[in-house]
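Hi everyone, thanks for coming.

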Amino acid sequence: MPEGPEIRRAADRLHEQLAGKRLESVWFAFPELAAAADSLVGREVTAVDSWGKALLTRFDDGRVLYSHNQLYGVWKLHDAEREPDTQRSLRVRLTAEGRSASLYSASDVSLWPADRLDEHPFLSRLGPDLLTHGVTPEQVMARLAEPRFARRRLGGLMLDQALFAGIGNYLRSEILFFAGVSPREKPAELGEERLALLARAILDVTRRAYDQAGVTNRDEWAAAARRRGESRRLCRFAVYERDGLPCHDCGSLVIRESIASRRLYRCPRCQPG
C-alpha cells in the first residue's frame with residue numbers, strides 16, 4: 001500500500017492539474033454521490049492535499065471530496081477525449097479545461113463540508129500529517145512524550161496512524177534505523193537526546209521519501225551498492241528488504257523480524273536491544 005509520501009506526490013500532481021480551474025464535468029460511480037455531481041460543475045478546485053493515506057480535493061463552496069486509494073486505487077491524469085488504457089473500474093472523474101483526473105478501483109469516497117472533516121470516521125482518528133501540517137521537531141518530541149504513546153514499543157507505535165499519519169512499513173524500518181533505535185525500545189526510555197534524534201529522523205526520512213519518490217537511502221550508500229551490483233530496488237533503502245545483506249554503515253548483516261504482524265528490518269549492531 002502506498003504510504004504518506006506517495007499519496008502526497010499524487011495530491012501534488014492533481015493539484016497542479018486542477019487547482020484554480022472550474023470543473024466542466026463531474027462523474028461519480030457511487031449512487032450516494034451521483035446526485036451531487038451536477039452541483040460541482042462550475043465550482044473551482046481550490047486545492048488538493050493529503051492527510052496520511054487520504055486525498056482531499058477542496059472546492060470553492062467549502063466542500064471537500066475525500067478519497068482513500070486503499071490497496072488498489074489509483075488516480076490517472078489524461079486528456080478528456082482520450083480514455084486511459086486500463087481495465088480498472090472508474091469511480092470518479094473530474095474534468096476541467098479539457099483535462100481529466102480519473103480515480104479507479106477505490107471504494108472509499110465521500111463528499112464533506114470542510115468544517116465537518118473532524119467528524120469523518122477515518123480522519124478523526126489520525127494524527128498530524130508530517131508533510132501537510134507543518135509539523136516541527138519539537139512537536140514530534142512532544143507527541144512521542146504523550147502518556148498514550150510514551151510507554152509503547154516503537155515497533156508497533158510507528159505504525160499507529162494516531163501518532164502521525166502516513167508512516168507505513170518501509171518508513172518504519174528506515175526511520176528506526178536512521179535514528180539508531182531498536183523497535184523494542186519505548187519513547188520514555190530514550191532520554192531527551194535520543195528522542196530528539198528520533199524526532200528528526202521521523203521528519204527527515206519522510207521528507208526524503210517524498211522528495212526522492214520513495215528513496216530513503218543516503219546517496220553515497222546507494223552509489224556504493226550499485227557498484228556492488230545490487231538491484232535498483234535494494235539501493236533505494238538503508239535496511240528495508242535488505243535482510244542478509246551488509247549494513248551500509250557498519251557491515252553487520254541486516255535481519256528481518258515480524259513486529260506488530262508486519263515485517264521489519266534492522267541492523268543488530270546499529271540498533272541493539
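Okay, start with two helices packed against each other: Tyr170, Leu171, Glu174, Ile175, Leu176, Phe178 and Ala179 in H7 meet Leu197, Leu198, Ala201, Ile202, Val205, Thr206 and Ala209 in H8. "Meet" here is contact, meaning heavy atoms within 4.5 Å. The residues in this contact split into 12 nonpolar, one polar and one charged. For those classes, Ala, Val, Leu, Ile, Met, Phe, Trp, Tyr, Cys and Pro count as nonpolar, Asp, Glu, Lys and Arg as charged, and the others, Gly among them, as polar.

Quick background. This is a predicted model, where local features need pLDDT of at least 70 and side-chain atom pairs count only at pLDDT 80 or more, while totals for chains, interfaces and linings use all residues. Residues are numbered from 1 along each chain as its sequence is written, and side-chain values use heavy atoms, with hydrogens and water left out. Helices (H or I, at least four residues) and strands (E, at least two) are DSSP runs, numbered from the N terminus.

Back to our pair. The axes of H7 (residues 169-179) and H8 (residues 187-211) come within 8 Å and cross at roughly 135°. Axes are lines fitted to C-alpha atoms, for helices over the stretch in contact, and angles run from 0 to 180 degrees between N-to-C directions. So H7 and H8 are oblique to each other; under 35 degrees is roughly parallel, over 145 roughly antiparallel, 65 to 115 roughly perpendicular, and the rest oblique.

What about H1 (residues 4-18) and H8, at what angle do they pack? It's about 45°, with the axes 8 Å apart, and therefore H1 and H8 are oblique too. Pro5, Arg8, Arg9 and Asp12 of H1 touch Thr206, Ala209, Tyr210 and Asp211 of H8. By class, that's three nonpolar, one polar and four charged residues.

Next, H4 (residues 137-144): Val140, Met141, Arg143 and Leu144 are buried there, with buried meaning under 20% relative accessible area, exposed over 50%, and partly exposed in between (1.4 Å probe, protein chains only). Down the axis of H4, these buried residues fall within an arc of 165°, so they line one face of the helix. The arc is that of the directions from the helix axis to the C-beta atoms. They pack against H5 (147-150), H6 (154-157) and H8.

Last stop: Ser102, in strand S7 (residues 99-104). Is Ser102 buried or exposed? Buried, with a relative accessible area of 0%. Its neighbours in contact include Val74, Trp75 and Val92. The C-alpha atoms of Ser102 and Val92 are separated by 5.6 Å, though the two residues sit 10 apart along the chain.

Conventions: Lists of a residue's contacts leave out its neighbours within four places in sequence.
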